[in-house]
Amino acid sequence: MAAPTLPDAVAQLYAGPPADFVRSRDALVAAAKKAQDPDLAKQIKALRRPSAAAHLINRLSASGDLGELASLGERLRAAQSQLDASAMKTLGVERHQLIDDLTERACAEESTVTSAVQEQLRATFTAALADPQAGRAVESGALVTALSYSGFGEVDLSDALATPLTLLQGGRGEDAPDGDEAASDDDRRRTARQDAARRAAAARSAREQARLERAEDAVEAAQQAVDRAQARLDEARSAVRDAKATLQRAQADRRTAQERVAQAEQESEE
């Protein structure tokens, strides 16, 4: 494995399945050490596994499904700054619809998502619409925890991201890349996220197939058990029919014997 950059490592780890997080992180740490970059190895080792809600949002980011957040957020903030009540009302409806839609998309590939996680998803999308910095954090694909918005001020992003946004975006200081180089870095990270998302989707598909096969095996075993039980029931019913027939013959023989005894007694009396 070639030595990754920190943004590349983050893109790969946070778009992949949480179950593989530690194993993948250890592999990236080993690659950084092999490349004799102990500082990078230390940075990657410090990356934290995302919460369930954060993972679902990171997966949406990797698949490019969060583009509407920034646009609607800008329009909402513009309407609020201009005190445009009509626009705020219209955009408020759009806001609720988008949050519902994104929450549904985030949960679409999961068999079970708890109500608590769904509420965290809604809270995070709400925060992203309210605060542009929170929106960039959500779109980064590197959330570790869900976000929340109190209704005023900035969203608290402390400990919410795998690493500072400036590092994820290639930096914004004097040493940061610009122009075509920055665009190339963005494309590379986007590709890395998409590749990781495809691997995660393939892993989920494999797990779903394995679950389906186990379920089919269980159904087949249950059907075989039912068939065996039905066979035993049929045998029991046949035995009952045979026993009834035997009983009926015995009762008939008894009646015949009783009639003969009665007839013999009658004849002896005469």
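A crossing of two helices is called left-handed if the near helix is turned anticlockwise from the far one by less than a right angle, and right-handed if it is turned clockwise. By this convention, α5 passes α6 in a left-handed crossing, whereas the crossing of α6 and α7 is right-handed. The model is predicted: local features need pLDDT of at least 70, side-chain atom pairs count only at pLDDT 80 or more, and totals for chains, interfaces and linings use all residues. Residues are numbered from 1 along each chain as its sequence is written, and side-chain values use heavy atoms, with hydrogens and water left out.

The protein chain has 10 helices and zero strands. Helices (H or I, at least four residues) and strands (E, at least two) are DSSP runs, numbered from the N terminus. Buried residues make up 33% of the 270 residues in the chain. Buried means under 20% relative accessible area, exposed over 50%, and partly exposed in between, with a 1.4 Å probe and protein chains only. Contact means heavy atoms within 4.5 Å. Among contacts between residues at least 6 apart in sequence, 64% join residues at least 24 apart.

Three helix pairs were examined. Axes are lines fitted to C-alpha atoms, for helices over the stretch in contact, and angles run from 0 to 180 degrees between N-to-C directions. Angles under 35 degrees count as roughly parallel, over 145 as roughly antiparallel, 65 to 115 as roughly perpendicular and the rest as oblique. The axes of α5 and α6 come within 10 Å and cross at roughly 155 degrees. α5 is therefore roughly antiparallel to α6. On the α5 side, the contact includes Glu68, Leu69 and Arg75; on the α6 side, it includes Met88, Glu94 and Arg105. Its residues divide into nine nonpolar, two polar and five charged. Here Ala, Val, Leu, Ile, Met, Phe, Trp, Tyr, Cys and Pro count as nonpolar, Asp, Glu, Lys and Arg as charged, and the others, Gly among them, as polar.

Helix α6 (residues 85-107) packs against α7 (residues 115-130) at an angle of about 135 degrees, with the axes 9 Å apart. These two helices are therefore oblique to each other. Residues of α6 in this contact include Arg95, Leu98 and Asp100, and those of α7 include Gln118, Leu121 and Phe125. Eight residues of the contact are nonpolar, three polar and three charged.

α5 and α7 pack at about 55 degrees, with their axes 7 Å apart. That angle makes α5 oblique to α7. Leu69, Leu72, Gly73, Leu76 and Arg77 of α5 meet Phe125, Ala128, Leu129 and Ala130 of α7. By class, seven residues are nonpolar, one is polar and one is charged.

A nonpolar core is a set of buried Ala, Val, Leu, Ile, Met, Phe, Trp, Tyr and Cys residues joined through side-chain atoms within 4.5 Å. The largest such core has 49 residues, of which Ile44, Leu47, Leu69, Leu121, Phe125 and Leu147 touch the most other members. Elements giving two or more residues to this core include α1 (6-15), α5 (67-81) and α8 (132-139). Beyond its neighbours within four places in sequence, Leu47 contacts Leu6, Val10, Leu13, Tyr14, Phe21, Arg25 and Ala162.

Thr124 lies in helix α7. At 0% relative accessibility, Thr124 counts as buried. Residues up to four places away aside, Thr124 touches Ile57, Val138, Leu143, Ala146 and Leu147.

Pro18 sits in the loop between α1 and α2. Pro18 and Arg49 are 31 residues apart in sequence and 6.9 Å apart in space, C-alpha to C-alpha. With neighbours within four places left aside, Pro18 contacts Arg49 and His55.
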